[in-house]
Amino acid sequence: MLTITQDLHDRIVAHARADHPDEACGVIAGPAGSGRPERFVPMLNAARSPTFYEFDSTDLLKLYREMDDRDEEPVVIYHSHTATEAYPSRTDVSYAGEPGAHYVLVSTADTDGAGPFQFRSFRIVDGEITEEEVEIVDAHPGRTEA
């Protein structure tokens, strides 16, 4: 199950809305080994495409170095689908290289720009897709939101 704060949920949806009709993408980093998404990192879709997303390789390298310096890991890797449901495509599965991450998809298809938006989370390991429940909380227990 993915447990995510309302604030982070809303920021992912806002990013998807802002980049529509292109796919949005990004990462939520968290303390290594915690499984807790904390730091929202919106990324540029280098493909600038309504049907495909691609992290800019320079930005991605910078992010991984930054996470390493902060003892963080990618807890959530998210992107949007602009014309289809929030379900991983074959391409999404082929690029899913973080077996410990939650892959969140937001669909902005069939909305008037105000929602409702599909917000779904998946685990993708060795090409196998497993949908998981999403719990939205006000704040992580024992933490105050920055």
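Is Phe122 buried or exposed?

Tutor: Phe122 is buried, at 0% relative accessibility; buried means under 20% relative accessible area, exposed over 50%, and partly exposed in between (1.4 Å probe, protein chains only). This is a predicted model, in which local features need pLDDT of at least 70 and side-chain atom pairs count only at pLDDT 80 or more, while totals for chains, interfaces and linings use all residues. Residues are numbered from 1 along each chain as its sequence is written, and side-chain values use heavy atoms, with hydrogens and water left out.

Phe122 forms an edge-to-face aromatic pair with Tyr87, at 5.3 Å centre to centre and 85 degrees between the planes. Rings of Phe, Tyr and Trp (its six-membered ring) pair if their centres lie within 6.5 Å; planes under 30 degrees apart count as stacked, over 60 as edge-to-face and the rest as tilted. Because Tyr87 lies in the loop between β4 and α3 and Phe122 in strand β6, the pair ties together parts that are 35 residues apart in sequence. Tyr87 is partly exposed, with 35% relative accessibility.

Now the sheet. It is open, has six strands in the order β3-β2-β4-β5-β6-β7, and its pairing is mixed. Helices (H or I, at least four residues) and strands (E, at least two) are DSSP runs, numbered from the N terminus, and two strands pair if DSSP finds at least two bridges between them. The edge strands, β3 (39–43) and β7 (128–132), each pair on one side only.

Helix α1 (residues 6–19) lies across β2, β3, β4 (72–81), β5 (102–107) and β6 (118–125), at about 10 degrees to β3. Axes are lines fitted to C-alpha atoms, for helices over the stretch in contact, and angles run from 0 to 180 degrees between N-to-C directions.

Ser80 sits in strand β4 and is buried at 1% relative accessibility. Beyond its neighbours within four places in sequence, Ser80 is in contact (heavy atoms within 4.5 Å) with Ala16, Asp22, Glu23, Ala24 and Val106. The Ser80 side chain reaches the backbone nitrogen of Ala24 at 2.8 Å.

Note on methods. Polar contact = N/O pair within 3.5 Å; in protein donor to acceptor, adjacent residues only side chain to side chain.
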